[in-house]
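I opened this entry to record what I looked up in the model. The notes follow the order in which I went through it.

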Amino acid sequence: MNHALRKLLDVIEDAKKREHYVITISLDIQGVFDNLKYDIIRKVLRKIYTKSNISETLEDILSNRKVAIQTSDGPAMWKQTQSCPQGS
């Protein structure tokens, strides 16, 4: 999956450099976001976008995420590096 996404981004970047338009058709593939790692998404976003409110917000959303659950032994917490829990 990462190869296909990288290829698409390369095509878009090339078109932008040549001042051409790009049209994409996006399919909602079940489980795709669950399998992409945040560090890869952030790296690509940094390469494509200059600093802006949108890029900084996306960076914040994908940085320093933690999952916390209550267990019989008390709260448990760990760093989340991929996927997106419902409600986030």
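**Surface and overall make-up**

I began with the accessible surface of the protein, which comes to about 7600 Å², 55% of it belonging to carbon and sulfur atoms. Accessible areas here come from the Shrake-Rupley method with a 1.4 Å probe, and for residues only the protein chains shown count as cover. I note that this is a predicted model, in which local features need pLDDT of at least 70, side-chain atom pairs count only at pLDDT 80 or more, and totals for chains, interfaces and linings use all residues. Residues are numbered from 1 along each chain as its sequence is written, and side-chain values use heavy atoms, with hydrogens and water left out.

I then looked up the secondary structure and found 4 helices and 2 strands. Along the sequence the pattern reads α-α-α-α-β-β. Helices (H or I, at least four residues) and strands (E, at least two) are DSSP runs, numbered from the N terminus.

Of the 88 residues, 18% count as buried. The cut-offs on relative accessible area are under 20% for buried and over 50% for exposed, with partly exposed in between (1.4 Å probe, protein chains only). I also checked contacts, meaning heavy atoms within 4.5 Å. Among those between residues at least 6 apart in sequence, 48% join residues at least 24 apart.

**Nonpolar patch**

Which residues form a nonpolar patch on the surface? I noted I54, L58 and I61, with about 270 Å² of accessible area together. Patches are made of residues with over 30% relative accessible area and no salt bridge; like charges are joined within 9 Å, and nonpolar side chains (Val, Leu, Ile, Met, Phe, Trp, Tyr) within 5 Å. I54 is found in helix 4, residues 53-61. Its relative accessible area is 64%, so I54 counts as exposed.

**Second largest pocket**

On a 1 Å grid over the protein atoms alone, a cavity is a set of points where a 1.4 Å probe fits but cannot get out; a pocket is an open set with protein on both sides within 12 Å along at least five of seven lines, and lining residues have an atom within 4 Å of a point.

The lining has 11 residues, of which L5, I41, V44, L45 and Y49 lie nearest the pocket centre. Helix 1 (2-17) and helix 3 (38-48) each supply at least two residues of this lining. The largest share, 5 residues, comes from helix 3.

With a relative accessible area of 17%, V44 is buried. Leaving aside neighbours within four places in sequence, V44 is in contact with R6 and L9. V44 and L9 are 35 residues apart along the chain, and their C-alpha atoms are separated by 8.4 Å.

**Salt bridges**

How many salt bridges does the structure hold? I listed 3, a salt bridge being a side-chain nitrogen of Lys or Arg within 4 Å of a carboxyl oxygen of Asp or Glu.

- R6 pairs with D10, the closest N and O atoms being 2.8 Å apart. Both residues lie in helix 1, 4 residues apart, about one turn of the helix. R6 is partly exposed at 25% relative accessibility, and D10 is partly exposed at 36%.
- The side chains of D14 and R18 meet at 3.2 Å, N to O. D14 is partly exposed, with a relative accessible area of 37%.
- R6 also pairs with E13, the closest N and O atoms being 3.2 Å apart. E13 is buried, with a relative accessible area of 16%. Salt bridges that share partners join R6, D10 and E13 into one network.

I looked at E13 separately and placed it in helix 1. Neighbours within four places in sequence aside, E13 is in contact with R6, K47 and I48.

**A backbone angle**

Last, I checked E19, which has a positive phi of about 60° although it is not a glycine. E19 lies in the loop between helix 1 and helix 2 (32-35). At 72% relative accessibility, E19 counts as exposed.
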